[in-house]
Amino acid sequence: MTIDYPARRARLAAALPAHEVPALLVTSPVNVRYLTGLVSSNAAVLVRADGSALLATDNRYIDMTRALDVTAVEAPDVAGRLAEPGAGIEAAAMSVATFRRLNAGLNAGLNAGLNAGGGEGGGLVPLGPLVEELRAVKDEAELELIRTACALTDQAFADVLPLIAPGLTERAVARLLDNRMTELGADKPAFDTIVAAGENGAIPHHAPTDRELRAGDLVTMDFGARYHGYHADMTRTVCLGEPADWQRDLYDLVRRAQRAGRHALTPGAEAKDVDAAARGLIAAAGHGDHFRHGLGHGVGLEIHEDPFLGPSRTGRLEDRVPITVEPGIYLPERGGVRIEDTLVTREGGPELFTKTTKELLVL
Ligand code: ZN
Ligand code: ZN
């Protein structure tokens, strides 16, 4: 499946008049990739309201632009090369220092008459996440890449599971997962893999340590593959040896909450209502204070992107939005359970991308 970059730029161009700018100077590397296909740490693209576009990058990347369907120029100062009077900029992607420097340059140009006819109000206009909003809804080519990233994640877990045993450290388990994902074809892990054993499971974003796994531990693993730039995200909690009653009860509660969250994922649903579907079950069981993060987040070219599911999140879900559902319960000094899937919203019910069982696995 090929990606239609001109169609993406056309969608952005169509959104510009509402923001009263003649063009948007895109400097976020991931947004440049989304709009042109160029993967570069130093590139920018100017997209005009008429749909035309100009890409700039430095001499390390300029050869790669020949295969793209957009005109490119070589410049070390990519934003400076493309800045135009009155153009919008991505406020979240540009430093204040760069913003000031570019504006000073535009003003000097205007004063010298170099930009005569460039219109009124010569300054750049800071704007919100226009491209991020476009990125939330995926096309089928993107969904196929995320589906593959999730399949690699499932396979890596299946391959590593038989190796997980008491005596291995959290770091060793993380390394096994990371290595297996890359062996299977991932670009690299989608983010720093989390492995949290026993009491460490009470920390939602615990970084793996040299703590050894022991019989009786709940072990939470949160990891994913990145494939052609697209991210997968999955969490499973397993038990080493027969679970105690409290461990099984905790697991069952999180699993029911995760199912309720998945079933609430439907185009048109309010982000906060999806969160509430899962959170309500956990709160009703008396664990509201032990679940303090949002229920989920979009995935795509970034591991965390719009939309976000949480009690105070606004907005409605659209169709074809890949998103995670990841409730957890964290008991200080005892341990925790989190179950996370990556899914995509669909009319008629979400499509599950991460397919590893959610039965409690007893190793
Ligand atoms: Zn995760
Ligand atoms: Zn996640």
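Two residues are in contact when heavy atoms of each lie within 4.5 Å. Welcome to a predicted model, in which local features need pLDDT of at least 70 and side-chain atom pairs count only at pLDDT 80 or more, while totals for chains, interfaces and linings use all residues. Residues are numbered from 1 along each chain as its sequence is written, chains are lettered from A and ligands numbered from 1 in the order in which they are written, and side-chain values use heavy atoms, with hydrogens and water left out.

**View 1. Thr-342 and its neighbours.** Let us start with Thr-342, which belongs to strand S18 (residues 341–344). Helices (H or I, at least four residues) and strands (E, at least two) are DSSP runs, numbered from the N terminus. With a relative accessible area of 0%, Thr-342 is buried; that word means under 20% relative accessible area, while exposed means over 50% and partly exposed in between (1.4 Å probe, protein chains only). Leaving aside residues up to four places away in sequence, Thr-342 touches several others, including Ile-146, Cys-150, Val-299, Leu-352 and Phe-353. Asp-233 is also one of its contacts, and we meet Asp-233 again in the next view.

**View 2. The zinc ion (ligand 2) and its protein donors.** Here Asp-233 (OD), His-297 (NE2), Glu-326 (OE) and Glu-340 (OE) lie 2.1 to 2.2 Å from the ion. Donors are N, O and S atoms within 2.8 Å of the metal (3.2 Å for Na, K and Ca), and since water is not among the atoms, sites may look incomplete. The 4 donor atoms subtend angles of 78 to 152°, so the arrangement is irregular. For four donors, tetrahedral requires all angles between 85 and 135 degrees; square planar for four, like octahedral for six, requires opposite donors over 155 degrees apart and all others between 65 and 115; anything else is irregular. Along the chain, the donors follow the spacing D-x63-H-x28-E-x13-E. The zinc ion (ligand 1) is 3.1 Å from the zinc ion (ligand 2), and Asp-233 coordinates both. Asp-233 sits in the loop between strand S11 (230–231) and strand S12 (234–239), and Glu-340 in the loop between strand S17 (335–338) and S18, 107 residues apart. Asp-233 and Glu-340 are both buried.

**View 3. An aromatic pair, Phe-157 and Phe-223.** Rings of Phe, Tyr and Trp (its six-membered ring) pair if their centres lie within 6.5 Å; planes under 30 degrees apart count as stacked, over 60 as edge-to-face and the rest as tilted. The model has 1 aromatic pair by this rule. The ring centres of Phe-157 and Phe-223 are 5.9 Å apart with planes at 25°, so the pair is stacked. Phe-157 comes from helix H6 (residues 140–160) and Phe-223 from strand S9 (residues 218–223), so the pair ties together parts 66 residues apart in sequence. Phe-157 is buried at 2% relative accessibility, and Phe-223 is buried at 0%.

**View 4. Strand S2 and its partners.** Of the 6 residues in strand S2 (residues 43–48), 5 are buried. Two strands pair if DSSP finds at least two bridges between them. Strand S1 (residues 23–26) pairs with S2 in the antiparallel sense over 4 bridges, and Arg-48 is the bridge partner of Ala-23. On to strand S3 (residues 53–57), which runs antiparallel to S2 and is joined to it by 5 bridges. Leu-46 stands opposite Leu-54 in S3. The hairpin of S2 and S3 has 4 residues between the strands, and Gly-51 takes a positive phi near 95° there.
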